[in-house]
Each structure stands twice: as C-alpha cells, then as structure tokens.
Amino acid sequence: MSFIETDEQKALRAAVAKLAAKYNFRDYAGPKARRNEPFDELWDEAGKLGFLGVNLPEEYGGGGAGIYELALVQEELAAQGCGLLLMVVSPAICGTIITKYGTEAQKQHWLTKLADGSSKMVFGITEPDAGSNSHKITTTARRDGEDWILSGRKIFISGVDQAEAVLIVARTENAKTGNLQPALFIVPTDAPGFVKTKQEMDILEPDNQFTLFLDDVRLPATALVGQEDAAIAQLFAGLNPERIMGAAMAVGMGRFAIDRAVAYAKERAVWKGAPIGSHQGISHPLAQVKIELELAKVMMQKAAFLYDSGDDFGAAEAANMAKYAAAEASIKALDQAIQTHGGSGLTSDVGLAGMLAAARIARVAPVSREMILNFVAQHSLGLPRSY
C-alpha cells in the first residue's frame with residue numbers, strides 16, 4: 001500500500017473538487033438542505049461525469065476502480081459541504097452487493113443505472129426492535145410458488161422517496177431463530193403492499209428518513225440477490241463499504257469545518273491588529289483537530305485499500321476504526337470551527353452550526369461507536385464478547 005496517490009487518483013480528486021466548488025455549502029447545499037430538498041442537480045451532474053459509479057465494473061458503465069476512489073469522491077464533495085448521503089447506499093452498498101452476487105440480468109438492469117446516477121437504490125436493514133442486533137431481524141420472506149412474499153418493518157431508511165427500489169435485508173421464514181442468514185431482495189418502491197412513512201427528524205439535511213411497512217409484498221424469483229441461505233459475508237460485502245464511505249463523508253465535513261475556521265482566524269483581528277490565528281488559544285486546537293482528522297483519513301484509506309485488495313477481515317477492522325475515528329474528529333473539528341468564530345459561528349450566514357446534527361449522525365450510523373468498540377475489543381484485542 002502506498003500513501004502516495006496515483007496520477008489518476010489525483011486527477012479524479014481535482015475534478016471532483018472542481019464540481020464540489022460549484023455546488024458549495026454557502027450557495028447551493030446549505031440552502032437546499034434548509035428547504036429539505038435533495039441535491040438533484042449535483043447528483044445528476046456527478047452521474048454524468050462518471051463520479052457516482054467510479055467503483056462499478058466498466059462493462060456496466062462504471063469506472064472500474066474501487067471503493068478507494070468512490071470514498072475519494074465522497075470526501076471531496078463533503079469538503080465543500082455537499083456530501084451525498086445516497087452515495088453511501090446506492091453505488092457503495094447496493095452496487096457492490098449486486099456486482100458480487102447479482103445475476104447477469106440484475107447487473108445489466110441495475111448497475112448501468114446506478115453507475116450514471118439515472119436511478120437510485122437504497123438499503124433497508126434497520127428494524128425498530130432489532131437496532132444494532134441484526135440477528136433479531138424479523139422481516140421474513142416466504143415462498144409462494146415461484147414468487148417470494150415479504151412481510152416486516154424497517155426504520156431509518158434514507159432516501160426512499162428518491163429511489164426506484166430498496167435492497168431489503170430479510171430472513172427466510174424457516175430461519176426466524178438463530179444466527180442471521182440474510183436473504184436480500186430488490187423491492188420496487190411502487191410494489192403493492194410497500195408503504196413508506198416519512199419520519200420527522202430534527203436535523204438540517206436534504207434527504208428524508210422513512211419507516212417502511214412490507215405487507216405481504218409479492219416479488220418474482222428474480223428479486224432475490226445471491227443465495228436465500230447466504231452466509232453473513234454476503235451482507236458484509238456492502239456494510240464494509242458503508243463504513244468506509246461514512247468515514248469519507250465525516251473526513252470531508254471535518255475538512256470543510258477546519259478550512260472555514262482557518263480562513264476566519266487569518267482575517268479576524270481584535271487584539272492590537274494581530275489575527276486571532278496567531279494566538280495559541282486558537283491555533284493549537286485547530287492544529288490538534290487537523291492531526292486527528294488526518295489520522296482518521298489514513299485509516300479510511302487503509303480500509304479502502306484492504307477492501308479493494310480482497311482482504312475482507314482486515315478491511316472490517318480498519319473500516320470500523322476509520323468510521324469511529326472520522327466521526328470523533330469531524331465533530332471535534334466542527335465544534336472547534338464554531339468556537340473559532342465565536343458568536344458568529346452560530347449564525348446561518350456562517351453555516352457551521354446547522355451542520356452539527358448532521359456531523360453527530362456519524363457517531364450512531366451506520367453503526368454506533370459502542371458497537372465498534374465491541375468489535376475492536378473482541379476481534380482486535382481478543383477479549384471476551386461483552387454482548
């Protein structure tokens with residue numbers, strides 16, 4: 001693994017940064033988020049430029065690169081305050097799972113549309129009574145001739161109103177107890193019996209969250225992705241990229257906050273004409289969060305490299321660590337950026353305070369920091385399982 005990016009990766013980073021500057025937080029992302037409107041214009045242009053499908057196979061219209069490159073795209077967008085949450089689920093989770101386990105027909109139909117952004121597929125795993133314990137999932141799939149019938153409920157599912165389908169995690173009816181053997185189904189959002197209810201969130205964000213009700217949703221046999229009794233590895237093929245992409249978004253958001261704070265600290269002067277950035281009370285905390293953010297970024301890059309190299313277990317450890325570190329560093333960077341601005345840091349003109357709740361999400365989703373600590377304690381340190 002090299003920490004020096006290739007010329008192609010540097011060029012991709014520059015191209016995405018140029019696009020992100022056009023859709024920056026002050027002029028585009030902030031106002032859209034305040035109106036609770038999705039970033040459709042940014043999504044469409046990013047898709048046309050090939051950024052959304054950079055990790056998907058070339059034969060289906062993708063860039064043929066990896067999660068490293070997709071995380072790079074997300075980081076650069078977030079660094080301008082316009083990170084795309086649905087990149088985490090559509091090309092990263094759903095696109096990866098279909099690439100690895102989908103049929104040729106599923107790949108032809110879905111990957112081509114996910115690659116250019118002309119369609120979105122979101123991901124449904126979380127349930128009200130299961131929470132972090134995916135083994136308690138109760139959404140079931142039962143056979144009815146050649147068809148499947150899905151019944152259950154999901155919660156905190158992002159962007160369903162923008163999506164053509166949801167990749168639902170269920171269990172077959174004869175496997176309700178014991179360890180989860182996930183069965184994954186592509187469920188059209190207009191399927192009879194599929195009901196979405198918007199959840200009211202106290203967060204400044206462009207994408208809505210939904211509760212889903214699946215009331216005997218009938219699906220053809222072709223809706224099943226992979227095997228009906230698949231090992232848990234089939235599910236984690238998408239969850240490790242999810243953690244890496246979540247880390248990338250947090251790192252980018254932290255970069256955005258630090259950049260805003262540094263620019264202000266260079267020009268703001270209140271004591272004898274010297275900029276406040278010359279005082280250690282301002283400069284040292286910013287330097288500290290810069291260090292912590294860079295360390296999180298290195299772990300994110302390591303996780304992406306391991307995943308793209310096929311080291312699934314190594315990637316799982318690094319992805320969890322990266323997500324944890326990036327969430328903590330991002331929140332700290334945003335808090336320090338607000339502190340650097342003083343009272344003005346809480347105004348809508350500066351636009352930092354409105355991002356606090358969005359940054360806070362990284363501590364609880366897609367997996368809580370407590371569950372990450374459980375993972376590291378058990379798998380990295382070899383300590384007895386605590387839950």
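This is a predicted model: local features need pLDDT of at least 70, side-chain atom pairs count only at pLDDT 80 or more; totals for chains, interfaces and linings use all residues.

Residues are numbered from 1 along each chain, and side-chain values use heavy atoms, leaving out hydrogens and water.

**Exercise 1.** Work out what span helix 4 should have at 1.5 Å a residue, and check it.

Step 1: helices are DSSP runs (H or I, at least four residues), numbered from the N terminus. Step 2: the expected span is 1.5 Å times one less than the number of residues. Step 3: helix 4 has 12 residues (67-78), so it should span 16 Å; its end C-alpha atoms are 16 Å apart, which agrees.

**Exercise 2.** Decide whether helix 4 is enclosed, and find what its buried residues pack against.

Step 1: buried means under 20% relative accessible area (1.4 Å probe, protein chains only). Step 2: 12 of the 12 residues are buried, so helix 4 is largely enclosed by the rest of the structure. Step 3: its packing partners include helix 1 (7-22) and helix 7 (232-267).

**Exercise 3.** Find how many salt bridges join domain 1 and domain 3, and describe the one between E75 and R255.

Step 1: an automatic or database assignment gives domain 1 (7-119) and domain 3 (232-380) among the domains. Step 2: a salt bridge puts a side-chain nitrogen of Lys or Arg within 4 Å of a carboxyl oxygen of Asp or Glu. Step 3: the count between these two domains is three. Step 4: in the E75 and R255 bridge, the closest N and O atoms are 2.8 Å apart.

Technical notes. Helices (H or I, at least four residues) and strands (E, at least two) are DSSP runs, numbered from the N terminus. Buried means under 20% relative accessible area, exposed over 50%, partly exposed in between (1.4 Å probe, protein chains only). Contact means heavy atoms within 4.5 Å.
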